Amino acid sequence: MPVLPLDELQLTETDPKTGKLRTIPALHPEMKADRSFVLYKPPPKVREPALVEEFLERAKFIADDLNWLLALPHDKFWCQVLFDETLQKCLDSYLCHAPRKFDASLDFPPEVNDVQKCLHRSVFLTFLRMSTHKESKEHFITPAVFGEILYNNFLFDIPKILDLCVLFGKGNGSLLQKMIENIFTQQSSYFSDLNETVPTILQVFNNILQECGLQCDGASATPQKLEERVRVTPRDMPLQALKDIVLYFCDTWTTLWAFLDVFPLACQTFQKHDFCYRLASFYELTIPELESAIKKRASEDNSLLADLWRRLSHSRKKMVEVFHILINQICLQPILESSCENIQLFIEEFLQIFTSVLQERRFLRDYDELFPVTDDVSLLQQASSTLDDTRTAYIIQAVESAWEGVERRKTPVVGSLPPPM
Amino acid sequence: MSSELTWKKIVKFVEDSLNKKEQQSVNEDLRTILQAAKQIVGTENGQEAIESGAVFLFKIFHTKECVGHDETKAIKQVFGPFPSSSATAACNATCRIASFFTEEQLTTLIQKTERQNDDKRVFFGKNIVVSFDMHDLDHSEDLPINGEAKTQKTISLDY
């Protein structure tokens, strides 16, 4: 029998009401099974038996339902995905509330870990199946229609993709990369959505700056009016407020890094918004201020301060790595792969980006420590015989100057192991 | 969507259930259904497709006495335009075969294979190894106890 894509397939079945044969599309709300997926709640933070029991029951319930879903034939799976709102809400709740390893201590009882693992696997496989338009030679969806289905039914959106990267990117990077590449390939509107999301991310930077009393727009240049509320800086804000900022900071940068690590094709879209410059400038304003605020509170809760320091150091590394992923994807990789005539464009982009961040001395030092700028410049020199030496020398000199008066560490700061206790 | 009921299963069901004389008569009708499927499906899709088409015809006609509007529509949806004489021949042949069996026997034949098909369902991702590993905080230096002497820029008073 000719094999039609699921979106064109019609089913012939007996109408339960009339007993007559009828033909309906394979993707039809009536083909959805009655199933009510429950919302995910994270494991309890305290080992209260009743709470643990409640969590286990709920998690097992979801895992069983998702396993049932994964065992459904192709057409039934898609009917459930498209027409069962409870399923989408359940998946969303997992993405939002599943514990991140960097976010909380995962010291749960063994039975909680076991069920959490089952659930983690089932959720990932569900998203994997949802991002696959061709399961087999017989079971597939027309690629263009697949793209529309994903987008119009909000099966994936940018925040969900970010969450998927941070939750599953570590051990399942290559599969996740294929999933996300397929989603963006089949539906180019996701690139437009990403383009609209970047200003929101930049707004997050502004919010943090505002919370820290470091607003960098024109307003900060004007003197503060007497009746205005006194700007609170990280140094004098309550410890809890500082903690909130650092946790938010850490979550934001880990998530962004996880996304770009899995899907570097997004870099172009980020750089359309001058992201490299914005990142460096944000780094310069916030990192020294937050570091100083943590160091100066030595008399307060030491374990909390140590934890905040660790998160801030982690965030620093992620910011520097994000910058490197962008530089690598936008300039270095194309230079390595390009034919001679295109190279100049990428070299120019590299020079422009670095020239724009030269005044961010602290950022420049930290970046240079992890990814020596001379190595990249050397690559440019090898790639182009017509490279403007004056400009590269200017950049190298600015990097050197950023190190003046600061002792270079032998090993990278952010990558080093903690000294023995 | 069609179940995994195959043409071979229908033939075996007939062979196992009927005596030789009845079988001869039914074999003729089975050939008619297969021939009708050939006309409707077309020969370019091969024997497997023809047999799948014959199963489809058997399933939609096993409870019918004539080709109605619904059946016509169902065949058209799957195969496109088709010769009505072939559908009529398939319907009549199926009807004659069905007359040798009770409704329960036929229902059992179809539902049993559907149930077997359910049992053989493959769990999506059964063989995929999913890692539970997650991004964690990177190692970093400890919080300096006494300020930031080493990293602070020295201030020169030599104007």
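This briefing covers the fold, the nonpolar cores and the confidence of a predicted model. Local features need pLDDT of at least 70, side-chain atom pairs count only at pLDDT 80 or more, and totals for chains, interfaces and linings use all residues. Residues are numbered from 1 along each chain as its sequence is written, while chains are lettered from A and ligands numbered from 1 in the order in which they are written.

**Overall fold**
- Chain A holds 16 helices and two strands (DSSP runs: H or I of at least four residues for helices, E of at least two for strands, numbered from the N terminus).
- Along the principal axes, its C-alpha atoms fill a box of roughly 85 × 60 × 50 Å.
- Of its 421 residues, 34% are buried (20 or more other C-beta atoms within 10 Å of the residue's own, with C-beta atoms placed from the backbone).

**Nonpolar cores**
- A nonpolar core is a set of buried Ala, Val, Leu, Ile, Met, Phe, Trp, Tyr and Cys residues joined through C-beta atoms within 7 Å.
- The largest has 105 residues, and A:C165, A:F259 and A:L326 are among those with the most contacts inside it.
- Helix α12 (residues 302–337) of chain A gives the most to this core, 13 residues.
- A:C165 touches residues including A:L176 and A:F259, leaving out those up to four places away in sequence (contact: C-beta atoms, placed from the backbone, within 7 Å).
- Apart from this core lies another, of 30 residues, including A:L21 and B:A37.

**Confidence**
- Mean pLDDT (the predictor's confidence in each residue, from 0 to 100) is 90 for chain A.
- Over residues 413–421 of chain A, pLDDT stays under 50.
- Where pLDDT is low, the predicted coordinates should not be read in detail.

Key:
A residue is buried if 20 or more other C-beta atoms lie within 10 Å of its own, exposed if 12 or fewer, and partly exposed in between; C-beta atoms are placed from the backbone. Two residues are in contact if their C-beta atoms, placed from the backbone, lie within 7 Å.
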